[in-house]
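Trainee: I would like to learn how to read a model like this one. Can we take it feature by feature?

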Amino acid sequence: MNASAPATAATRSLPRVVAASLIGTTIEWYDYFLYGTAAALVFNKLFFPNTDPLTGTLLSFLTYAIGFAARPIGALVFGHFGDRVGRKKLLVVSLLLMGGSTTLIGVLPTYSSIGAAAPVLLTVLRLVQGFALGGEWGGAVLLVSEHGDQRRRGFWASWPQGGAPAGNLLAAGVLSLLTAVLSEDAFLSWGWRVPFLLSAVLVGVGLWIRLAVDESPLFKQALAAQRQRAVVEQPPLVAVLRNHWREVLVAMGARMAENISYYVMTTFVLTYAVTHAHFSKQTALNAVLIGSAIQFALIPLFGALSDRVGRKPVYLVGAVGVGVWAFVFFGLVDTRSFGQLVVAVTVGLVFHSAMYAPQAAFFSELFATRMRYSGASIGAQFASVAAGAPAPLIATALLKDYGSATPISVYVAIAAAITVLAVLCGRETRNTDLTDVEGAVEPEAAAVVAKPATA
């Protein structure tokens, strides 16, 4: 009875934890996607005005990509301390860092005011955003995954994943509203700053909600067990690479198609639709808005499906789907029909959802509790450097060099093939008990008795 009490309490608090994780991740992704959307639409004019439009967009996307370079560092730092001191504390820090850097972008002088210093400062703030997001994802999904209800873990853990389309929806929605009510000159003069400054309000709401939830019960149990054993533990990074290196590679490979397809179909498509297919900015943003709204509704459904049929089958459907759809996607955009543009984005995001929804539970189930934050974050964020970071940049360069979207479709299809191979090499984790996933304790470490930890 005593052993089951914590699990029962954790299950009762699960909806509150899910709500806190979803709202927090929505705010963080709002901040992150806001930058990507602004990079596609306005930063080329504000921070790189002395270049032709497509080159300016390339430079703008370069600062966007640089933010991804900080995500693995965030994964290492937040993963280490998240596995040592807890998930909740680190999630609060990540939210403050992300919100602070985004708000500062909203007051940043442009190139016309301070010259070359403007893009430099923009890049620094983008690095802070990337560092914060590198630690956010792992903590948010683990806080939900570790709060109980093993039978429906895929469903519950998918809700924080909904923060990505919800954040994108919020970012695109605010920008779409502003472009609709402001003139081009007013938007470029001051209107673009409003969504970034709004982040300060959203962070306040997120902190109020996130501070009210409990720490992961599985983490507290694992920490108590470690202190009772009084053994010296390896640093989480060392333990992950020694005991779970195969799982890290599976997670990295699984991220390739998911990450690349998403940024091509939600960020790069804005540039392609406006400069190549001659849609208005607002029309392109509206298409992403509709697709993101539908994706938000689909993610928990795919998460629930992974509880019934397994993580791998659902993930594979999504990977194969985006690989094939990439060759249809740009043809639909080229029709210059708003309805076809919406279909292109929405179907692409449906296939993306089939990968993204089970990903949270899948990655959580691959690693031991005392190294789970590090393992899941490293697998996810190191892959983002090779996948999501250069995706809009590579797509823009391919379009500039070849004048055709076909090479971009091939690029997405190659990523899909890598993901299919990685998922096939991984194990099915649907029925995993997270308390049973443990890394081996090194004999030499087990022989060393540590002094009881104080606090």
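Trainee: Where is the place of His278?

Mentor: Begin with the ground rules. This is a predicted model, in which local features need pLDDT of at least 70 and side-chain atom pairs count only at pLDDT 80 or more, while totals for chains, interfaces and linings use all residues. Residues are numbered from 1 along each chain as its sequence is written, and side-chain values use heavy atoms, with hydrogens and water left out. Helices (H or I, at least four residues) and strands (E, at least two) are DSSP runs, numbered from the N terminus. His278 sits in the loop between helix H14 (245-276) and helix H15 (281-309).

Trainee: Is His278 buried or exposed?

Mentor: Buried means under 20% relative accessible area, exposed over 50%, and partly exposed in between (1.4 Å probe, protein chains only). His278 has 54% relative accessibility, so it counts as exposed. Look at its backbone too: phi is positive, about 65°, although His278 is not a glycine.

Trainee: What is the phi of Arg336, and where does Arg336 lie?

Mentor: Arg336 has a positive phi of about 65° and is not a glycine. It lies in the loop between helix H16 (311-334) and helix H17 (338-364). Arg336 is exposed, at a relative accessible area of 52%.

Trainee: Now the fold. How many helices and strands does the chain have?

Mentor: There are 21 helices and zero strands. The radius of gyration is 22 Å, close to the 23 Å from the globule rule for 455 residues, so the chain is as compact as a globular protein of that length. That radius is taken over C-alpha atoms, and the rule is 2.2 Å times the number of residues to the power 0.38. Along the principal axes, the C-alpha atoms fill a box of roughly 65 × 45 × 40 Å. Of the 455 residues, 60% count as buried.

Trainee: What share of the contacts joins residues 24 or more positions apart?

Mentor: Contact means heavy atoms within 4.5 Å. Among contacts with a separation of 6 or more, residues 24 or more positions apart account for 88%.

Trainee: How should I check the span of helix H2?

Mentor: Take 1.5 Å times one less than the number of residues. H2 (residues 14-41) has 28 residues and should span 40 Å; its end C-alpha atoms are 39 Å apart, which agrees. H2 is also mostly covered, with 24 of its 28 residues buried.

Trainee: Which residues does Ser21 contact?

Mentor: Ser21 lies in helix H2. It is buried, with a relative accessible area of 1%. Leaving aside neighbours within four places in sequence, Ser21 is in contact with Ala140, Leu143, Val144, Pro160 and Arg210.

Trainee: And which residues does Leu188 touch?

Mentor: Leu188 is in helix H10 (residues 184-191). Not counting residues up to four places away in sequence, it touches Val42, Lys45 and Leu46.

Trainee: Is Arg372 buried or exposed?

Mentor: Arg372 is buried, at 0% relative accessibility. It is found in helix H18 (residues 372-386).
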